[in-house]
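Please consider the sequence and the three-dimensional structure shown below. The paragraphs that follow lead through selected parts of them in turn.

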Amino acid sequence: MPTPSLASLPVRRLTLRDLAACADLSEDRGWPREEHKWGLLLSAGKGYGIDDPDGGLVTACVVTEYGSQERPTLGAVGMVLVAERHARQGVGRRLMRHIVSSMGTTPLTLHATPHGLPLYEELGFKAIGRAEMLRGHFVPTGAQHEVATRAATAEDLPAILRLDEEVFGADRTHILARLPAFADQLRVAEEDGRLTGYAAAWPNMDTHVVGPLIARDTPTAQALLASLAAHTDRPLRTDIDVRHEEFLGWAKEHGLTSVAFNAVMAYGITELPGDWRRRFAPVTVAAG
């Protein structure tokens, strides 16, 4: 039997049953397997992929939708991967065209590496911002933060959801409701009994990824990051909107170093909804 051409192989929806194959694909491209993150994305979002007749996946990606299920207001595209043996054959372009077509009029966003930028520009995505990835062991100074933080409780979830929708610009309950199980830490900042920010730290390989990070202002974001760092021995990793210059400078003064820059891109909109001034870091760049 002749091997089917890549152009004839159908795109299908992925499920949690495909988690191992997705992790294998990550490993094939030299990425960490990140099974914990794949699990979140495949359960809260929509996975798409093409099966390899020889086993495994030719390509895969995940779209996480926000807003109402009937009419999402935003879709975040992430984990776009093509197996090394099928690279540079137009497979990724074909998958992304399928995504753009299947999402209809729903605006899309993604974080693009310099390597992936030309493809997304070709498909009509526009760069609307940048995020800087930081990594390292946080070094405390001993100074006390004026902003009060504490571990979140189940009773905080309604307030977290209200604040997040206001700042993010769309409902993402389906992601945030999974945070207590997904993250090792979930902490909140408050003033006079009112929630002013929250942040999570979740395990990824040997690091704790800080995200989401939502805060009223820079001092609140600093207090939340410092409080997360105080409860882990792992290095931290996070992706910060470059417009938060003061926060980035402070984080670097406390031991985090710049690793990379990614372009924040959008399709169908000229800027992301919500309030960027209070949105410091995404849950993960793969989900916005």
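A salt bridge is here a side-chain nitrogen of Lys or Arg within 4 Å of a carboxyl oxygen of Asp or Glu. The model is predicted, so local features need pLDDT of at least 70 and side-chain atom pairs count only at pLDDT 80 or more, whereas totals for chains, interfaces and linings use all residues. Residues are numbered from 1 along each chain as its sequence is written, and side-chain values use heavy atoms, with hydrogens and water left out.

By the rule for salt bridges, the count comes to 23. One of them joins Arg216 to Glu191, with the closest N and O atoms 3.0 Å apart. Arg216 lies in the loop between strand 10 and helix 8, and Glu191 lies in strand 8 (residues 185–191), so this pair ties together parts that are 25 residues apart in sequence. Helices (H or I, at least four residues) and strands (E, at least two) are DSSP runs, numbered from the N terminus. Accessibility is described in three classes: buried means under 20% relative accessible area, exposed means over 50%, and partly exposed lies in between, with a 1.4 Å probe and protein chains only. Arg216 is partly exposed because its relative accessible area is 32%. Glu191, with a relative accessible area of 39%, is partly exposed as well.

Other salt bridges form a network that links Asp24, Glu27, Arg33 and Glu35. How exposed is Arg33? Its relative accessibility is 23%, and therefore Arg33 counts as partly exposed. Glu27 counts as partly exposed at 47% relative accessibility, and Glu35 counts as partly exposed at 37%.

Attention now turns to strand 11. This strand comprises residues 236–241 and is mostly covered, as 6 of its 6 residues are buried. Leu236, Thr238 and Ile240 point one way from strand 11, while Arg237, Asp239 and Asp241 point the other way, and all are buried.

Which strands pair with strand 11? Two strands pair if DSSP finds at least two bridges between them. Strand 6 (residues 126–136) is joined to strand 11 by 6 bridges, and these two strands run antiparallel. In this pairing, Arg135 has Arg237 of strand 11 as its bridge partner. Strand 10 (residues 207–215) is joined to strand 11 by 2 bridges, and these two strands run parallel. Here His208 stands opposite Leu236 in strand 11. Between strand 10 and strand 11 the chain passes through helix 8 (residues 218–229), and this β-α-β crossover is right-handed. A crossover is right-handed if, with the strands pointing away from the viewer, the path from the first strand over the helix to the second runs clockwise.

Strand 10 also contains Pro212. The peptide bond from Gly211 to Pro212 is cis, with omega near 0 degrees.

Asp192 is not a glycine, yet its phi is positive, near 55 degrees. This residue is placed in the loop between strand 8 and strand 9 (194–204). At 79% relative accessibility, Asp192 counts as exposed. Met205, likewise a residue other than glycine, has a positive phi of about 55 degrees. Met205 is found in the loop between strand 9 and strand 10, and at 52% relative accessibility Met205 counts as exposed.

The cysteines come next. How many disulfides are found? With a disulfide taken as a pair of cysteine sulfur atoms within 2.5 Å, a search of the whole structure finds 0. The sulfur of Cys22 has its closest cysteine sulfur in Cys61, but the distance of 9.6 Å is too far for a bond. Cys22 is buried, with a relative accessible area of 0%. Cys61 is buried, also with a relative accessible area of 0%.

Finally, Ser5 lies in the segment before strand 1 (11–14). Ser5 counts as partly exposed because its relative accessibility is 42%. Ser5 and Pro53 are 48 residues apart in sequence, and their C-alpha atoms are 9.9 Å apart in space.
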